[in-house]
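This report is meant for a reader who is meeting the chain for the first time. Please look through the sequence and the model below before reading on.

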Amino acid sequence: MALLLCFVLLYGVADVTRGLSITTPEQSIDKAKGETAYLPCKFTLGPDDHGPLDIEWLISPSDNQKVDQVIILYSGDKIYDNYYPDLKGRVHFTSNDVTSGDASINVTNLQLSDIGTYQCKVKKAPGVANKKVLLTVLVKPSGTRCFVDGSEEIGNDFKLKCEPKEGSLPLRYEWQKLSDTQRMPTPWLAEMTSPVISVKNASSEYSGTYSCTVQNRVGSDQCMLRLDVVPPSNRAGTIAGAIIGTLLALVFIGAILFCCHRKRREEKYEKEVHHDIREDVPPPKSRTSTARSYIGSNHSSLGSMSPSNMEGYSKTQYNQVPSEDFERAPQSPTLAPAKFTYTTDGITVV
């Protein structure tokens, strides 16, 4: 009885091993952003697997907030790859004939949103099998910059820094000296794998060319730095030069402001003078000439008048001269006053 039971168990195990199975082990894959990820899924069929072949790839996003979603499907001798919008046009079977036992896929132009667990399911009734692949997308270190933070003078303290512009953590750093003896100064050895090296009491022996390499699981980047430790500069002369330069700049600015102020005052004075001249313009010639001709005609007639009608004339004719024109008419320097004579009571008056 025990022998029969062992035979049944062995037969069952052997039968299972001959059924559909995925030979690719579960694994974890790390790839860089922008690259192509190959997700393997190779299978074998058993002699009793006679049903239609269905192959299905699903994704479980890393945020755990979305349910498993189909990204590509093979069924009824057709391929369907428009299920998952985030991977549309970026997921393909690697084999032109998936019935040959290769259901592997490629995911191109990887993005950080592609991180997740991918599951390959193969079904050919009555056999069913599935395997999972964990895909991690990382960013390569890039844009790394090396620089000195501080004054590179003998006796000073400063820092050597290595900073990548981008790169997924964790990052590893490695400093190297490329010139002279190519040996890092002994005080720096403890910080050779750090992004920052603190330099204390610098000496000229520290001068040279250094490199910093930044690495993570998907790539690396490097930068170079030239360190020149020099004697201390004449700080007193530098400060004095800065003060003199500042004073000269202030004097120059003051001169410009003074010239501008003076120019404005001159323009204002010219405008005022021009305005005064326009107010002193003499009256029109037509009115002046009218007044002169009127007075001249009266002068000519006064010479022939007798004393008897002199009084009437003075009361009537002179009152006819427009007072406004007469007051405004300028006196001519060459015009002699009219002369007339008359006799009264035996006395001749000129």
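How many helices and strands does the chain have? The chain has 5 helices and 19 strands, where helices (H or I, at least four residues) and strands (E, at least two) are DSSP runs, numbered from the N terminus. This is a predicted model, in which local features need pLDDT of at least 70 and side-chain atom pairs count only at pLDDT 80 or more, while totals for chains, interfaces and linings use all residues. Residues are numbered from 1 along each chain as its sequence is written, and side-chain values use heavy atoms, with hydrogens and water left out.

**The chain as a whole**

Of the 350 residues in the chain, 29% count as buried, a term that stands for under 20% relative accessible area, with exposed meaning over 50% and partly exposed in between (1.4 Å probe, protein chains only). The accessible surface comes to about 23400 Å², and 56% of that area belongs to carbon and sulfur atoms; such areas come from the Shrake-Rupley method with a 1.4 Å probe, and for residues only the protein chains shown count as cover. Among contacts (heavy atoms within 4.5 Å) with a separation of 6 or more, 58% are made by residues 24 or more positions apart.

**Disulfides**

A disulfide is here a pair of cysteine sulfur atoms within 2.5 Å, and by this rule the count comes to 3 disulfides.

| Pair | S to S distance | Torsion about the S-S bond |
|---|---|---|
| C41 and C120 | 2.0 Å | about -70° |
| C146 and C223 | 1.7 Å | about 55° |
| C162 and C212 | 2.1 Å | -95° |

The disulfide of C41 and C120 is left-handed. Because C41 lies in the loop between strand 3 (37–39) and strand 4 (43–44) while C120 lies in strand 10, this pair ties together parts that are 79 residues apart in sequence. C41 is buried at a relative accessible area of 0%, and C120 is buried at 1%.

The link between C146 and C223 is right-handed, given its torsion of about 55°. With C146 in strand 12 (residues 145–149) and C223 in strand 17 (residues 219–227), the pair ties together parts that are 77 residues apart in sequence. C146 is buried at 14% relative accessibility, as is C223 at 6%.

The link of C162 and C212 is left-handed, and it joins distant parts of the chain, with C162 in strand 13 and C212 in strand 16, 50 residues apart. When the bonded cysteines are numbered in sequence order, the pairing is 1-2, 3-6, 4-5.

**Backbone features**

Most residues other than glycine have a negative phi, and most peptide bonds are trans. A cis peptide bond runs from A125 to P126, with omega near 5°, and P126 lies in the loop between strand 10 (116–124) and strand 11 (127–138). Another cis bond joins L169 and P170 at an omega of about 0°, and P170 is found in the loop between strand 13 (158–163) and strand 14 (172–177).

N109, although not a glycine, has a positive phi of about 45°; it lies in the loop between strand 9 (105–107) and strand 10 and is partly exposed at 42% relative accessible area. For N201 phi is near 50°, also positive, and N201, in the loop between strand 15 (196–199) and strand 16 (208–216), counts as exposed at 54%.
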